[in-house]
Amino acid sequence: MSIPPDPNNNVPAVQTFALTRVYGPMVALNALNLTVNRGDLFGFIGSNGAGKTTTLRILATFLAPSAGTAQVLGHDVVRDADAVRHVIGYMPDFFGVYKDMEVTEYLDFFGACYKIPSAQREKTVNDVLELVGLSEKKGALIGALSRGMQQRLGLARVLIHDPQVLLLDEPASGLDPRARIEMMAILQELQKMGKTVIISSHILSELETLCNRVAIIEKGKLIYTGPAQGMRDQMAVGRVFWVKIIGDETRAVELLKARPEVNQVEHTEGRLKVTLNDHETDPGCVAETLVHGGLKLIGLEEEELGLEEVFMRVTRGETQ
Amino acid sequence: MTFLPIVGRELRVAARRPATYRVRFFAALAVLAFGFVTLASAPASTPTHQVSEAIFALEAVISFAFCLLSGVFLTADCLSVEKRDGTLGLLFLTDLNGFDVVLGKLAATSIQSIYGLLAIFPMLGLSLLLGGVTSGEFARVLLALLLVLLFSLAMGLAVSAAGRETRRTMVLTFGLLFFFAGLFPAFAWLQEIFLGGGAVIGNWFLPSPVGVLMTAFDSYYRAGRGPAMFWTSVGIFCAFVLGALSFASLLLPRSFREEERELAHGSKISFGWRARFRIGRRSPARRAKLELNPFYWLAARERLVRLIVWVAVVTLGAIWSGFVVGAFATRQSGRGDDAVGISFLTAFALHVVLKGIVALEASRRLSEDHYSGALELLLATPLLPRTILRGQWLALREHFAKPILAVLLVNGTLFWLVGFSKSAFGTDPELRTAFCAMCLGGALVLLLDVRALGWVGMLTALRSKSHARAVLATLGRIMLLPWAGIFVFVMLSIVRQGMSVKIINELVILWFVGGAIISLTAAAKAKRRLLSQFRTLASGAKVKLLKDVSRPNPLAWRIDPGRCV
């Protein structure tokens, strides 16, 4: 079946509208509204059981939503599931490989499942193996491949039909640092090729540098979606400063706590950790308060908040 | 120090499982029902002690079948599944040794069957109260059944300790049990038919579970060599059980580490594996399969099943041929009639084994893929569930078409021998009709059963937790009632000390019609569910859940086959 080219390139790669999935009494997804633009390398972040895998399985048409709808490149995942399957590549968080097959046999089989013409398949298989760096393992038995190589093979399988949207559930889990870095490099390469990549992962530091946009989900609800770099600003997470003074530290704490711009002051390891209310607050108020209070300020250093810290702050680690 | 820590844990786990209690209840209920039917159908003129003897013997035979097959379904995959999952190694990281693990597994898997057997014992005891059965006979039969159960479970454990794959361990366990329970008595009968001698129960029966049960009955036990044969057989089976458990315990700490040889040395794939999975073969026929239906290619790529089915058909076919030849060779003597009867019994066994292998294979691919997650990957491709089901059917046809034809040939031969030849098969003209009906009806029911086993096997593969359970559920749905019907039929004929040909004909027809209705109904139901709910079943979600939630089009996912598949 051939999918007619989408005339409207403005349609987002993925859109969900009040997407809900219920397992008995448990609400795995609670009215999730999510938009992923074309060409995005989109990080999908959440604790275990937050609903990431459920979302990806619904987008992959494997699971039916209990309520709401989801679209991939404008195709509804329920009503137009067959069209969706042609444009997505889904890699779950397990291998699901046939260990008794050769690498090329495996890809050839999935190529046939995607109805790639026989004459074209051999070249396609070689191309994707080249892309994921498995060309040398063509004739190897899958069961004999290392975990990292099996993961790459999974990625090769996802790419076999040249999908426009990739749904990757924990693609780097269990990989060693080298394999993880290589996997991330492949994903960046895929983004450059114009593909939309949705990646769920726990390795937030890597998502921060890799993804241009991220979403945080907790208890099935969307907490944040937007640029990875602007997350801290939008989440209204206050900047944190480490302050070193000469003088009465107890008095310094009292002075700073009295300021409305200051959210929290802690005395740690001979320094003061000052958290401002929001990102827009001028940090100059800290210095000004201390100096006017007669204290000698000898150090003022802003703490760089990574995605991990922001994630920890905006979520309470609650799962279903 | 805790004695046998795994045993304690496994027993506690088994005690919390509802199935443990269900098996006990239904085993007792089934035996009680058989006994009641027999008692109710016995003519008033038949002495009570004769009825009691018949009930006791038939209940013992039912219990024997239950005990003998326990190893195939309960223990054959219990260690191998842990090897595949890699959980066995965790146990050996502790101070546990092979005996702890094997005895723990034996305790866990045997508790259901032992409970079932314990529930049957009081039912067997009713015959003791009715008369006709001595307390010694009762005790010996209980001992024999317990030994057969332990033997079957221990054989399953030994095979499981050595193997890794569900199907191989189940088939090998069944093969071993068949070797002891089927081949030895068959050899004894062949020897008696061809050479004579007057006593079938001889040394061939000593290492056979059939022998230990038969010699437990007074009719054999009170004969000349009875006690010696029974107690020798008991000794042999105790040795078998201990030997199998020791083998499993000693082998397990070594075998759990061993990866599949091919997986450990993947760069050099052996000829055996290449041949089994047809790895690297790019023949036009294989490519054509892949183009026609990728799932057909996947399900048919392994050739082990063909070997299994042909070994079974050829072995049983050879035994059957032996009895047919024996019937001709000895048609002047009374032994010819025995040969005719056993040839029909062997043909029936051939049908049963073939159906068992069909059930095994029909559920295997989907069950394994469902368990490994590969099915999820397939369903994310444009491959439709209807295509997957079609591919599985094409693979089943490729594997089983010729063996089924061979079995139909057996039926055809029996039909010709009974209906048209002047041989020991055709002595009683009135019985000819009944036997001809059995041959034709058996052939028809074989075809219907294979179709039903295929559909139900695929359905249970998506619903069961393991392949072994899927096979058991499949066989239970299609074969249990017809098998129960056969037992009732045999019971009635024994209690009534023979039946008129008219009644036999009616019962045979009733049996075939009943079997056909069960098969057709089960197949239609399974097919409908598979076509409409394949994705729901594959995702592991219960359909009931979808009914509970409100959504704009809540049922569209599962009731619109055109869109879903």
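Helix axes are lines fitted to C-alpha atoms over the stretch in contact, and angles run from 0 to 180 degrees between N-to-C directions. This is a predicted model, in which local features need pLDDT of at least 70, side-chain atom pairs count only at pLDDT 80 or more, and totals for chains, interfaces and linings use all residues. Residues are numbered from 1 along each chain as its sequence is written, and chains are lettered from A in the order in which they are written.

**Two helices of chain B**
- Helix α7 (residues 135-162) of chain B and helix α11 (residues 226-255) of chain B have axes that come within 8 Å and cross at roughly 25°.
- That angle makes α7(B) roughly parallel to α11(B) (angles under 35 degrees count as such).
- Residues in the contact (C-beta atoms, placed from the backbone, within 7 Å) include L147(B) and F151(B) of α7(B), and F237(B) and V241(B) of α11(B).

**Nonpolar cores**
- A nonpolar core is a set of buried Ala, Val, Leu, Ile, Met, Phe, Trp, Tyr and Cys residues joined through C-beta atoms within 7 Å; buried means that 20 or more other C-beta atoms lie within 10 Å of a residue's own.
- The largest core has 250 residues, and L59(A) and A154(B) are among those with the most contacts inside it.
- Helix α20 (residues 429-463) of chain B gives the most to this core, 16 residues.
- A second, separate core has 11 residues, including F241(A) and V274(A).

**Chain A**
- Chain A has 11 helices and 14 strands (DSSP runs: H or I of at least four residues for helices, E of at least two for strands).
- Of its 320 residues, 45% count as buried.

Methods:
Parallel < 35°, antiparallel > 145°, perpendicular 65-115°, else oblique. Contact = placed C-beta atoms within 7 Å. Buried ≥ 20, exposed ≤ 12 C-beta atoms within 10 Å, placed from the backbone.
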